[in-house]
Amino acid sequence: MTLLAVERIKLFSTRSPWMCTALAIATVVGLAAIIAGSVESAQGMNVPVSQFGYQMGLAVIMVLGALAITTEYRFSTIRTTFQAVPHRSSVLLAKATVVALLAGVIGEIAAFSALGVARLMQPEADLALNSAADWRNVAGVGAVFAIAAVLAVAVGTMIRHTAGAISLLMIYGLVAEDLVQLIPGVGEDIYKWLPFNVANKFLTGNPDTPVGAGEGPPPSNATLSPGWALAYFAGIAAVLLIAAILSARKRDA
Amino acid sequence: MIEAEGLTKRYGKTVAVDDLSFTVKPGRVTGFLGPNGAGKSTTMRMILGLDNPTAGSVRVNGKHYHQLHHPLRIVGALLEARWVHPNRSARAHLRWMAKSNKLPMRRVDEVLEIVGLTPVANKRAGGFSLGMSQRLGIAGALLGDPEVLLFDEPVNGLDPEGILWIRKFMHRLADEGRTVFVSSHLLSEMALTAQELVVIGKGKLISQSSTEDFVARASENTVKVRGPQLARLREALIDEGVTVRDDADEMIVSGLDSDRIGELAFQHNALLYELSPQRGSLEQAFMQITGDSVEYHTGLESEAAALTPEQALAQASK
C-alpha cells in the first residue's frame, strides 16, 4: 500500500499526467460529438459508433503510461526511487497498478461522457445500453485503457527513452498492426492475433446491432470470444511487464 | 560503516572499478579521492545497489544495500543534485521519498528547514539554481536521519559560500558520529574537508590513510637554499648523500631538513641569503601518487605538476 501511495504522489505531482488525462477524455468525447454532429440521421448513430474515439484516447493513455516511467529515467529519479526502495519489482508493480487505475478511471469517464454527448446531440438514436454487448462496448473502455497503460509502462521500462518508447507504441498501435493485414496470404491470419485488434474485439465483438448499420469502423476480425479477447490482451501486457521487471532488475539503474 | 571487498565493475572491456577494497569508519569524514574517470561515482552507485558489481561486494553496516529495510533511514546519499523531476515541487519530491520509507511527513518540513529551502518548498525544482538543487539533494539525504551519508562531488559548481556551508555541514554530521563518505577530484578541497582519505586511480586503490599521512607521504619536502657561496655548501651536501638541484644562485635540496643544512653552511663558512623549507603542494602530491593512473593523459601533467600557482598565473598572464 505504501508503494501505491508513493507512486500516486509521484504521478500527480507533475503536470503531464493531468494533461494526458484531460486530453484523453477530450479526444474520446470530442470524436463522439463530431460523429454525432455529422451523421445524417439518428439511424447512423448507435452505441459502437459513439465509442469510435476510444482508439485515439488509447494512444494518449499509452503516452501517459510510458511517460510515467521514462521521465524517471530521463531525470534519473529512478535512481532515487531504487535507492529508497531497492526491490525493483515491487516498485514497477506499484507503478503499473497506479497508472492502470488512473487509466481505468479515465476510460470510464471518457466512454460514458462520450455516450452522454451522443445522446444529447442525437436524442432520437438508439443509444440505450440494452445488451451485454452495449455495456461491454462502453464500460469495457476502462479495462482496455488500464491494460494498455500497463503495456506502455512495460515498454517504457525496457526502452527507457521517452521518444523511443512513445514512437514505438504509437507506430505499432496506430499503424503497424493495420499494415500487417497487407502481407499477402498470412497477413489476415496474423492480424487476428495482434493485441490491439484483439482488444478491439473485446469492445466491439458479437454486436447486437447488425454489422454496417452504423457509421463506425468495421468490427474486429479476431476469432476469440470477447471474454477471451480481454484475457489475451491482459496476458500480453502481463508478459511484457514481467519482461520489463526482469530487465530492470538485471540492468544498472 | 562501509566495507568494500574486491569490488569490480566492467563495462565490456573497460574496467571502471578494479578489485577495490576499503573501509569507511563512522565519526569521521572520509574523502574519496581520484582523478575524473577514476571510478568514484561507479563505486558510489554500487554502494547504493544501483549498479551491480561484476565481482566483489560492498556492505553498509554489514548488509548489502538491497537487504536494508527502509534504506533511507540507514543511508542518505547525494550523488547528483539534478536527480529531481523539474516540474515537481521540492516538497512533493521529499514527500514521496518520506512516504516510501514510512517517515513522518513533518520530517519533510524539518529537512527543508535544515537546508534553508522552506521559502521555496512549493516551487518547481526545475527552476532551482545549482546551489538550491544541491541543498534539496542534501535534504533528501538527511530525510531518514541516516547513520551513513554519501556525497558525490558535493561542492562542484558551488559558490564559495555554498562550499563553506557544505564543508561545515559534513563536519557536523561526522561529529554526530555518522559515517560520512565524500568524493572529489580536488585534493585541496579534500584536505580541508576529509580526515581520512581513500585514494583511487583507474579504478584501483592507491592508498587509504589519514589525510595528514597522505599529504606528508606524498609531498616531496625540499629546502630552498640561496646565497653567494653555494659551491662550498654543495660539496658538503653531496657528501651527506642528498639530492641537490642547482640553479644560478640557488639550490633545491631534498632529503635533508633545514636545521641540518644550516649547520653545514655554518661549518663550511657559506653565507646564506635564504634557507626555506618548501612544502610540496597538494596537487603535486596527488599527481605524484596517482601518477600513471590518470585515465586520459594530456601530456601537460608534468608541466602542470611542476608549476606553483604563482608560476601558473604568471604564465597565464603572459
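1. Axes here are lines fitted to C-alpha atoms, for helices over the stretch in contact, and angles run from 0 to 180 degrees between N-to-C directions. The crossing of helix 4 of chain A with helix 8 of chain A is right-handed; a crossing is right-handed if the near helix is turned clockwise from the far one by less than a right angle, and left-handed if anticlockwise. Helices (H or I, at least four residues) and strands (E, at least two) are DSSP runs, numbered from the N terminus.

2. The basis of these remarks is as follows. This is a predicted model, in which local features need pLDDT of at least 70 and side-chain atom pairs count only at pLDDT 80 or more, while totals for chains, interfaces and linings use all residues. Residues are numbered from 1 along each chain as its sequence is written, chains are lettered from A and ligands numbered from 1 in the order in which they are written, and side-chain values use heavy atoms, with hydrogens and water left out.

3. Helix 3 (residues 106-115) of chain B and helix 4 (residues 130-142) of chain B pack with their axes 9 Å apart, at an angle of about 135°. These two helices of chain B are therefore oblique to each other. The crossing of helix 3 of chain B and helix 4 of chain B is right-handed.

4. B:Gly144 counts as buried because its relative accessibility is 9% (buried means under 20% relative accessible area, exposed over 50%, partly exposed in between, with a 1.4 Å probe and protein chains only). B:Gly144 and B:Lys102 are 42 residues apart in sequence, and their C-alpha atoms are 9.3 Å apart in space.

5. Salt bridges deserve a separate point. Side chains of opposite charge can pair when their charged atoms come close. A salt bridge is a side-chain nitrogen of Lys or Arg within 4 Å of a carboxyl oxygen of Asp or Glu, and the structure holds 21 of them over all chains. One of these joins A:Lys95 and A:Glu72, at 2.7 Å from N to O. A:Lys95 lies in helix 6 (residues 88-121) of chain A and A:Glu72 in helix 4 (residues 54-74) of chain A, so the pair ties together parts that are 23 residues apart in sequence. A:Lys95 counts as buried, at 4% relative accessibility, and A:Glu72 counts as buried, at 4% relative accessibility. A:Glu7, A:Lys10, A:Glu72 and A:Lys95 are linked in a network of salt bridges.

6. B:Glu250 pairs with B:Lys224, the closest N and O atoms being 4.0 Å apart. This pair links distant parts of the chain, with B:Glu250 in strand 12 (residues 250-254) and B:Lys224 in strand 10 (residues 222-226) of chain B, 26 residues apart. B:Glu250 counts as buried, at 19% relative accessibility. The side chains of B:Arg260 and B:Glu263 also meet in a salt bridge, at 2.9 Å from N to O. Both residues lie in helix 9 (residues 258-267) of chain B, 3 residues apart, about one turn of the helix. B:Arg260 is partly exposed at 26% relative accessibility, and B:Glu263 is partly exposed with a relative accessible area of 42%.

7. Two residues of chain B call for a check of the backbone. B:Asp19 has a phi near 50°, a positive value in a residue other than glycine. B:Asp19 is in strand 2 (residues 14-24) of chain B and counts as exposed, at 52% relative accessibility. B:His70 has a positive phi of about 50° although it is not a glycine. B:His70 is found in the loop between strand 4 (55-60) and strand 5 (75-78) of chain B, and is buried, with a relative accessible area of 17%.

8. A:Ile171, in helix 8 (residues 162-180) of chain A, counts as exposed at 52% relative accessibility. B:Glu235, in helix 8 (residues 230-239) of chain B, is exposed with a relative accessible area of 59%.

Technical notes: Parallel < 35°, antiparallel > 145°, perpendicular 65-115°, else oblique.
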